[in-house]
Amino acid sequence: MIYLVAGLIIGFFVALPVGAAAVMCISRTIQSGLLTGLLTGLGVALADLLYGIFAVFGLFAISGETIESQ
């Protein structure tokens with residue numbers, strides 16, 4: 001059982017993203033509080049969503065495919 005807990009803890013820290021957005025969220029949370037950190041995280045997630053949408057529609061435009069129901 002102790003190996004399971006140790007594996008979960010190690011796995012969590014290995015999978016922890018340490019990009020610029022994560023550092024910004026952590027920094028703002030420490031400096032300004034939990035609400036500011038959560039709103040920063042939501043803003044980062046929204047920006048990633050928009051980048052993904054632009055990428056998908058850009059690929060559709062390049063490939064000449066249309067989005068239709070079949």
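Trainee: How many helices and strands does the chain have?
Mentor: The chain has three helices and zero strands. Helices (H or I, at least four residues) and strands (E, at least two) are DSSP runs, numbered from the N terminus. Before we go on, this is a predicted model, where local features need pLDDT of at least 70 and side-chain atom pairs count only at pLDDT 80 or more, while totals for chains, interfaces and linings use all residues. Residues are numbered from 1 along each chain as its sequence is written, and side-chain values use heavy atoms, with hydrogens and water left out.

Trainee: In what order do the elements run from the N terminus?
Mentor: They run α-α-α. The radius of gyration of the chain is 19 Å, well over the 11 Å that the globule rule gives for 70 residues, so the chain is more spread out than a compact globule. That radius is taken over C-alpha atoms, and the globule rule is 2.2 Å times the number of residues to the power 0.38. Along the principal axes, the C-alpha atoms fill a box of roughly 55 × 35 × 20 Å.

Trainee: What share of the 70 residues is buried?
Mentor: Buried residues make up 6% of them. Buried means under 20% relative accessible area, exposed over 50%, and partly exposed in between (1.4 Å probe, protein chains only).

Trainee: And which atoms does the accessible surface belong to?
Mentor: Of about 6,100 Å², 75% belongs to carbon and sulfur atoms. The areas come from the Shrake-Rupley method with a 1.4 Å probe, and for residues only the protein chains shown count as cover.

Trainee: Let's take α1. How many of its 14 residues are buried?
Mentor: The count is zero, so α1 is hardly covered. Helix α1 (residues 2-15) also gives the most to a nonpolar surface patch, with six residues. Members of that patch include Met-1, Leu-4, Phe-12, Phe-13 and Val-23, and the patch has about 1,100 Å² of accessible area together. Patches are made of residues with over 30% relative accessible area and no salt bridge: like charges are joined within 9 Å, nonpolar side chains (Val, Leu, Ile, Met, Phe, Trp, Tyr) within 5 Å. A salt bridge is a side-chain nitrogen of Lys or Arg within 4 Å of a carboxyl oxygen of Asp or Glu.

Trainee: How many aromatic pairs are there?
Mentor: The count comes to one aromatic pair. Phe-12 and Phe-13 are edge-to-face, at 5.3 Å centre to centre and 75 degrees between the planes. Rings of Phe, Tyr and Trp (its six-membered ring) pair if their centres lie within 6.5 Å; planes under 30 degrees apart count as stacked, over 60 as edge-to-face and the rest as tilted. Phe-12 lies in helix α1, and Phe-13 is exposed at 57% relative accessible area.

Trainee: Where is the C-alpha of Ala-21 relative to that of Val-44?
Mentor: Those C-alpha atoms are separated by 6.8 Å, with the residues 23 apart along the chain. For Cys-25 and Thr-36, 11 residues apart, the C-alpha separation is 8.4 Å.

Trainee: What follows α2?
Mentor: Gly-33 does, with a positive phi near 115 degrees.

Trainee: Last one: which helix holds Phe-54?
Mentor: Phe-54 is in helix α3 (residues 34-63), and counts as exposed at 57% relative accessibility. Its C-alpha is 30 Å from that of Leu-34, 20 residues away along the chain.
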